[in-house]
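This report covers charged side chains and aromatic rings. The sequence and the model are shown first.

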Amino acid sequence: MRVFLLSLMALCLVNCGQEKPTLQKYFVKSADKKEFITLDVSSSILNIDKNKLTASEKQALASFDKVNILAYKKNEKSEVAYKKEIEDVKEILKDTIYEPLIKLNGKNNNASIMLVGDDKAIDELVLFGNQNELGFTVIRVLGNNMKPEQALEFLSILQKSSIDTKQLQPIFNFVNKK
């Protein structure tokens with residue numbers, strides 16, 4: 001009986017010490033690796049005339065906080081590392097907190113959109129895309145009390161925006177770097 005209790009305690013200690021991987025932890029862990037670039041973008045990137053928005057679009061925009069972008073650039077020497085990193089991301093996104101909305105599968109390209117939250121409030125909208133030749137990108141759209149309908153409305157706001165590409169310049173530089 002004593003051996004059983006000691007084994008049970010040891011198992012509990014091991015399992016309690018292992019935290020579940022999250023996208024936030026993955027972003028932080030990857031930030032210092034040379035194959036990655038991370039970027040936090042504020043709502044000012046949208047460069048949108050709020051006077052041209054409907055009342056519901058204004059509410060959707062107000063619920064938007066920021067965007068975290070993580071990009072992995074693949075090269076001919078990094079095939080094994082690329083496969084490991086993409087599997088790590090896919091494993092994180094299998095967690096039941098990520099509710100799939102849209103999934104697109106192509107021969108060498110894949111994309112998906114997921115949300116974290118419930119039918120009353122969305123904590124984040126996650127966009128994940130990969131292209132086998134180039135690498136992958138994970139985008140987290142973080143909000144304040146975003147409603148599901150606002151998340152979809154936010155996508156329409158993006159179409160009306162004239163995105164300030166200066167804030168994205170580090171990504172462009174990273175992708176174009178040889």
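## Salt bridges, a charged patch and aromatic pairs

E79 is partly exposed, with a relative accessibility of 33%; buried means under 20% relative accessible area, exposed over 50%, and partly exposed in between (1.4 Å probe, protein chains only). The model is predicted, so local features need pLDDT of at least 70 and side-chain atom pairs count only at pLDDT 80 or more, while totals for chains, interfaces and linings use all residues. Residues are numbered from 1 along each chain as its sequence is written, and side-chain values use heavy atoms, with hydrogens and water left out.

**Salt bridges**

Side chains of opposite charge can pair when their charged atoms come close. A salt bridge is taken here as a side-chain nitrogen of Lys or Arg within 4 Å of a carboxyl oxygen of Asp or Glu. There are 8 salt bridges in the structure, and the table gives some of them.

| Salt bridge | N to O distance |
|---|---|
| K34 and E35 | 4.0 Å |
| E79 and K74 | 2.7 Å |
| K83 and E79 | 3.8 Å |

K83 and E79 both belong to helix 4 (residues 79-93), where they sit 4 residues apart, about one turn of the helix. Helices (H or I, at least four residues) and strands (E, at least two) are DSSP runs, numbered from the N terminus. K83 is partly exposed at 48% relative accessibility. Salt bridges with shared partners link K74, E79 and K83 into one network.

The K34 and E35 pair can be described in the same terms. K34 is exposed, its relative accessible area being 70%, whereas E35 is partly exposed at 23%.

**Negative patch**

E99, D118, D119 and D123 form a negative surface patch. Patches are made of residues with over 30% relative accessible area and no salt bridge, with like charges joined within 9 Å and nonpolar side chains (Val, Leu, Ile, Met, Phe, Trp, Tyr) within 5 Å. D119 is located in the loop between strand 4 (109-117) and strand 5 (122-131). This residue, D119, is exposed at a relative accessible area of 62%.

**Aromatic pairs**

Rings of Phe, Tyr and Trp (its six-membered ring) pair if their centres lie within 6.5 Å; planes under 30 degrees apart count as stacked, over 60 as edge-to-face and the rest as tilted. The count by this rule is 7 aromatic pairs. One of them joins Y72 and Y82, whose ring centres are 5.9 Å apart with the planes at 40°, so this pair is tilted. Y72 is in strand 2 (residues 64-73) and Y82 in helix 4, so the pair ties together parts that are 10 residues apart in sequence. Y72 is buried at 3% relative accessibility, and Y82 is buried at 3%.

Y72 also pairs with F136: the ring centres are 5.4 Å apart and the planes at 5°, so this pair is stacked. F136 lies in strand 6 (residues 135-146) and Y72 in strand 2, so the contact ties together parts that are 64 residues apart in sequence. Both Y72 and F136 are buried. One aromatic cluster is formed by Y26, F36, Y72, Y82, F128 and F136.

Conventions. Accessible areas come from the Shrake-Rupley method with a 1.4 Å probe; for residues, only the protein chains shown count as cover. Lys and Arg count as positive and Asp and Glu as negative; His and the chain ends are not counted. The place of a charge is taken as NZ of Lys, CZ of Arg, CG of Asp or CD of Glu.
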